[in-house]
Amino acid sequence: MPDSTHSAAAFRLEDQRFLTGQGCFVADLNRPKQLHANIVRADHAHAEIGEIDVSAALEVAGIVAVLTAADLTDDGIKPMPCPFVADALTTMVVPPRPALAQGRVRHVGDPVVLVLAETEAAARLGAEAVSIDYDVLPAVVDERAALRADAPLLWDEAPGNVAFRFEKGDAAATNAAFADAAHVVELEIVNNRVTAAPLEPRAGIGEFDAATGLYTLTCSGQSVHGIRRQLATVLGVDDDKVRVTAPDVGGGFGLKNFLYSEWVLLTWAARRHGRPVKWVADRIEDFSAATHGRDIRATARLALDAEGRFLAFDAELLANIGAYLSAGAPGPSTRAAPTAMGGVYAIPLIRMRTTGVFTNTGTVDAYRGAGKPEANFMIERLIEVAARRCRFDAMDLRRRNAISQLPYRSAQGMSIDGGRFGANIDAAIQHADRAGFMGRRRQSAERGRLRGLGFGCFLETSRGAPQEGAEIRFAGDGKIELALGTESNGQGHETTFTRLAVERLGLPIDTFRYVQADTARTRTGFGHGGARSMHMGGTALLKAIDGVIETGRGIAATLLQADAGDIDFIDGEFVVGATGQSAGLLAVAAEADNGGLDTFAMIENAPFNFPNGCHAAEVEVDPDTGEVNLVRYIAVDDYGTVLDPQLIRGQVLGGIAQGVGQALGEHIVYDDSSGQLMSATMMDYTLPRATYFPVIDIYLEGEPTTANPLGVKGAGQAGCIAAPQAVVNAVLDALTPLGIDHIDMPLTAQCVWRAIHAAKD
């Protein structure tokens, strides 16, 4: 049966404040004497910046200052870094990226002028009064066009607009396998550009304390320690002179992981003017100036023997990374994608090559899944095409080639300890009632509809950064603080980590106070990216708990006049086994000098874990309009040990919604000739609505991992990794009678209608 745990005990601790309007987001915060910022952004995709006339803006009532790149330079503010490093990168060019464009703008939305005012309205009016002369240059937005010899050049230091090159795999052996194969299928696959569109746009407040030299940034962010490191570099100060903190965060999905020009501008302006500076993005700013995701075009090939066993997989990727290199921009298409290349299948040889390309578009960086959705989509689409063109059954191909010998070392070097790869496929076939599908297809045909059933497997490689820390502190008010570096932006960390402490330390839940997302209150942290929170943060917390108990046992031994070896820790009490004498954990902590029971634990060089599953989607297509209606969705997933089914279910549902959105509607589109952003508002960018979805059946069939002591596997990214291929395969299954076996995402009604009519013609 689908998991449907909804007990009272499963409710999140966070829910009370969120549901009663007590959440605290950056837009809710104000500082005494704060200024408001507004940013004048480029309305051309590529242009030389001429004269900037700020005189009219300075006449607007309430305007305090109008600042340009020259002011940044005068104050010694450095360009924003791209600290990404990876093996197998043969080229990486990092052009300068100042917080305000200098000399030239390179995409619509590029920041050019910072306006500071006493009120938000005045700042907006002042920004509208700024006049900028532009000498418009030719623009290029398509990665293939950008590589042509006659393409406009974005950066002198990047000949041919090449940002980076990457290669991994045995070229000679892979080519030989293709030469000897009975069947070879090839497909050009586009993973369309999307944006995260979190419920809460980006927002921040910058402050500077002249007495201490401390910069403080309060932002809607996801990785405060990483942002601090980069911000300190740009400001030219040591890390300890920068504090970054995030209150409640209304979604992020990767978009809020990075240093943005706004974070630099807010802290710099706060120092320059001696007052806090606040900024809240509007939707157009987030669509044009926040990071985008995906945008990878791949030429992918799969080699099979006569029986349908996979021999080799080859993928050549073009990654459109926009006008600048964001902090982790090369990651999804280089370091991340190979970890999941080949998906859940045993493929002896896998080769991958990537070229990162500069274009006159917004920057691209990690978005939920970050490389793993793109890798899984490629192999799943190739399997479908191989089945149709080479006359195999697609599910037989999946089942025959699923990893079965465990542990398994992939062709790209991943050591997979376990997974229900074949069993998930069998379960998905059963739950989707594949045997009864033809009957449902006939019923749809009677109503003039085309019906399709599609499957898609996924392999997630969950870990993110291989290190993480956790600290337990005994506060003076009797609370125990749990300070974690894996930050929540809606996942329920306060609930899961607190319950873990309750279970292991045996104290009431209200004993604990959860601390996160503040560099002044957490020693270190690498955020939640990579579906890593319980795997990494949970493991670090367990290690800290073990440290508390071990240290406490020694203190309790003195209090109870017993040998430490004779003392057990049971339900919050240190108990002498022979006599039954006991001392509570809080009493022992009170006896420890100067926080002597406070414990910090760090884990390093942690392995990956491998969430996996098989999803099925069933659709109806209206051949007259091309409209796609999702009528059924089934997810059979292995997340190892399931600590909180309700929270996992929420994560999976959200991920599926994003994956379905990418498959059927979401698309960041630029005009080919002018480089103008055509999908800059909610009117033009099609987010999925609740009415798009049927009831989604989720079956949690976990096999514990050995990668961490909890046995958990990351659930946060799985839905959006699996959903695109399941939905696309379902639509193309519906169109099979017309001979259509591929359409690029998003499969909008217009795209499907055009494919249908092209096939008929």
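Biologist: Which helix gives the most to the lining of the second largest pocket?

Modeller: This is a predicted model. Two helices, α5 (143–146) and α20 (749–760), each supply at least two residues of that lining. The one that gives the most, with three residues, is α20.

Biologist: Which residues lining the second largest pocket are the closest to its centre?

Modeller: The second largest pocket holds about 720 Å³ of space. Its lining has 27 residues, divided into eight nonpolar, nine polar and 10 charged. The closest to the centre are His667, Ile668, Val669, Tyr670 and Pro746.

Biologist: What is the volume of the largest cavity?

Modeller: The structure holds seven cavities of 30 Å³ or more. The largest cavity is lined by 14 residues, with Arg97, His107, Asp110, Pro111 and Ser261 nearest its centre. Its lining divides into seven nonpolar, four polar and three charged residues. The volume of the largest cavity is about 110 Å³.

Biologist: Within what arc do the buried residues of α12 fall, seen down its axis?

Modeller: Helix α12 covers residues 394–401, and its buried residues are Ala394, Met395, Leu397, Arg398 and Asn401. They line one face of the helix, because the arc within which they fall is 155 degrees.

Biologist: What covers the buried residues of α12, and which residue caps its N-terminal end?

Modeller: The cover includes strands β14, β15 and β19 and helices α11, α13 and α19. At the N-terminal end, a side-chain oxygen of the capping residue lies 3.0 Å from the backbone nitrogen of Met395. That capping residue is Asp393.

How values were computed:
Residues numbered from 1 in each chain as written. Predicted model: local features only at pLDDT ≥ 70, side-chain atom pairs only at ≥ 80, totals over all residues. Heavy atoms only, no water. 1 Å grid on protein atoms, 1.4 Å probe; cavity = no way out; pocket = protein on both sides within 12 Å on 5 of 7 lines; lining within 4 Å. Points joined across faces, edges and corners; volume = space filled by probe spheres on them. Helix = DSSP H or I, 4+ residues; strand = E, 2+ residues; numbered from the N terminus. Nonpolar A, V, L, I, M, F, W, Y, C, P; charged D, E, K, R; others polar. Buried < 20%, exposed > 50% of the residue type's maximum accessible area, 1.4 Å probe, protein only. Arc of directions from axis to C-beta. Contact = heavy atoms within 4.5 Å. Polar contact = N/O pair within 3.5 Å; in protein donor to acceptor, adjacent residues only side chain to side chain.
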